There are 2 protein chains.
Amino acid sequence: MSVKHCKTANTPDYVACDACKLSPICTPVNVGEHAYDFTGTMVKRRHFFKKGTFIFQQGDAASLIYAISAGTLKLLVHVKGSERVIDFRIPGELVDISSLNEGLHTYSAQALEDTYLCEIGKETLNDIASQIPQVQGRLMNVVNKELNSIQKSAMLLHGNVNSEEKIAAFILNLAWRYSLSGYSAAQFKLTMTRTDIADYLGLSKETVIRLFKKLQQAELIKIRGKQMTILDMDKLQHFVGIKLISSS
Amino acid sequence: MSVKHCKTANTPDYVACDACKLSPICTPVNVGEHAYDFTGTMVKRRHFFKKGTFIFQQGDAASLIYAISAGTLKLLVHVKGSERVIDFRIPGELVDISSLNEGLHTYSAQALEDTYLCEIGKETLNDIASQIPQVQGRLMNVVNKELNSIQKSAMLLHGNVNSEEKIAAFILNLAWRYSLSGYSAAQFKLTMTRTDIADYLGLSKETVIRLFKKLQQAELIKIRGKQMTILDMDKLQHFVGIKLISSS
DNA sequence: CGCGAGATTGAGTTCTCTCAACTTCTGTGG
DNA sequence: CCACAGAAGTTGAGAGAACTCAATCTCGCG
């Protein structure tokens with residue numbers, strides 16, 4: 001899988017389909033001597049959402065599941081009259097798979113930049129899956145991997161006590177996820193604001209800024225505006241105590 | 001579903017099978033005119049583990065999936081030479097379902113009290129599921145619900161910034177989960193130590209103790225040793241900003 | 001009954017937050 | 001293309017929350 005680089009203004013940096021977590025569903029299945037490709041009828045490809053728009057809102061009926069083709073999302077819940085960031089999603093990742101057997105979206109999703117999504121109708125997918133065991137199996141695999149991923153992220157971000165560890169964990173989690181989607185783990189763009197990151201980690205934005213600076217002065221990372229470069233993956237991982245990415 | 005109460009010394013307080021998250025697998029399936037019950041061959045029921053023993057260790061090969069019949073577990077990861085609590089499991093809940101398509105356990109599981117587990121071989125389960133669509137569908141449902149549950153817990157515990165909110169979220173999360181398994185949401189035993197709770201929430205044990213006391217003085221909870229009683233569910237939920245349990 | 005793990009309490013320190021001022025960046029309209 | 005306005009980012013100072021350390025208490029178990 002080739003490592004992908006920064007997007008240009010004109011051509012969105014679409015994730016490679018084979019690096020997308022929805023690819024098992026998009027790959028044609030062979031049943032007996034026939035090959036069925038459901039993507040034509042089932043998947044709406046690369047639906048455009050302008051920066052700032054909501055893909056769906058908490059409480060909306062959930063009829064589709066989404067995979068990000070290009071762009072990034074911020075997920076938020078409405079709590080006590082205000083909003084709180086609960087996660088981010090990057091290209092190749094799925095959005096709200098857990099709504100597969102639930103009726104309503106439990107959070108909102110907002111585009112952090114111009115974004116393209118692939119969409120599948122839940123109904124259609126479940127129908128086909130119930131009829132064709134191979135599709136069911138693949139869907140199971142997708143959901144299983146998602147479970148794993150969510151759990152791994154939760155472990156990483158949950159277990160780290162002080163702010164410095166939380167920040168390091170956040171950076172590494174993003175790095176790991178970018179690498180899973182075929183992008184560089186060592187260099188990526190933080191499409192969310194410092195305030196978003198702070199909100200997500202339960203810190204103040206000033207603390208986030210100060211710790212970015214501290215990690216930079218320790219030469220573990222380099223950060224210029226929204227551009228993040230990891231300089232010393234090993235030390236950063238040692239910080240967090242979990243090895244996700246093997247730095248050659 | 002009848003609400004269950006505290007266990008006695010002699011008879012373990014087994015969860016009702018129909019409240020167990022594994023019940024879809026344990027319920028016989030009808031295929032055509034035949035009914036198949038795999039539980040006899042597939043499920044090892046109520047395997048006993050003494051308090052303090054490990055069910056499995058991080059890095060062990062994962063060949064079984066577990067459901068708790070009676071007792072509670074603490075899940076931990078080994079990080080930087082020490083251990084960190086990442087979650088707890090109560091009767092009716094599953095343990096490490098995410099290992100279904102992975103080879104190794106990503107964390108350790110230790111019995112917090114004398115515990116009985118039901119076990120299913122992954123291989124067997126996957127084999128049967130791949131042959132019988134109905135089983136596959138049920139398994140899918142189990143995994144889906146698990147995904148939902150993990151996500152809901154993560155949302156609750158993640159989004160709450162200060163220590164008081166974290167503690168309230170922890171209490172409510174346990175209450176919610178006990179109610180799902182058919183026990184009282186308002187009264188249950190904290191089988192883990194204060195230190196375990198502190199470790200889990202990323203706080204010091206002194207802070208946990210002081211905040212329990214504070215919530216008690218505010219008459220939201222009553223806590224006597226390990227016995228937790230929720231006195232004002234509404235206020236507690238308002239604290240956290242999410243309504244999980246409807247208090248009549 | 002005595003031991004030891006766990007729980008509790010107090011005091012002082014450190015970390016993180018809040019508030020406020022200021023700078024930089026970004027996007028929009030002239 | 002520049003000017004401007006608003007959003008985002010940065011920095012410093014003081015306040016408050018949570019931590020650490022240490023002493024003491026309690027309870028379950030042998």
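**View 1. Charged and polar pairing between chain A and chain B.** No salt bridges are found by the rule across the interface of chain A and chain B in this predicted model. Polar contact is found across that interface for five residue pairs, both residues of each at pLDDT 80 or more.

**View 2. The side of chain A that touches chain B.** Four elements of chain A each supply at least two residues to this side: the strands β6 (73-79) and β7 (82-89), and the helices α4 (133-158) and α8 (233-240). The most comes from α4(A), which gives 15 residues. Sorted by class, the side of chain A that touches chain B holds 18 nonpolar, 15 polar and seven charged residues.

**View 3. Extent of the contact between chain A and chain B.** Chain A contributes 40 residues to the contact and chain B contributes 41 residues. Between them the two chains bury about 3600 Å², with 60% of this area on carbon and sulfur atoms.

View 4. Tyr178(B) lies in helix α5 of chain B, which spans residues 163-180. With a relative accessible area of 8%, Tyr178(B) counts as buried, because the cut-off for that class is under 20%. Beyond its neighbours within four places in sequence, Tyr178(B) is in contact with Thr72(B), Ile90(B), Pro91(B), Tyr183(B), Ser184(B), Phe188(B) and Lys189(B).

**View 5. Tyr178(B) and Pro91(B).** These two residues of chain B are 87 residues apart along the chain, and their C-alpha atoms are separated by 8.0 Å. Pro91(B) is among the residues in contact with Tyr178(B).

Terms used: Residues are numbered from 1 along each chain as its sequence is written. Chains are lettered from A and ligands numbered from 1 in the order in which they are written. This is a predicted model: local features need pLDDT of at least 70, side-chain atom pairs count only at pLDDT 80 or more; totals for chains, interfaces and linings use all residues. Side-chain values use heavy atoms; hydrogens and water are left out. Contact means heavy atoms within 4.5 Å. Buried area is the accessible area (1.4 Å probe) that two parts lose on being put together, summed over both. A salt bridge is a side-chain nitrogen of Lys or Arg within 4 Å of a carboxyl oxygen of Asp or Glu. A polar contact is a pair of N or O atoms within 3.5 Å; within protein, one must be able to donate a hydrogen and the other to accept it, and residues adjacent in sequence count only if both atoms are side-chain atoms. Ala, Val, Leu, Ile, Met, Phe, Trp, Tyr, Cys and Pro count as nonpolar, Asp, Glu, Lys and Arg as charged, and the others, Gly among them, as polar. Buried means under 20% relative accessible area, exposed over 50%, partly exposed in between (1.4 Å probe, protein chains only).
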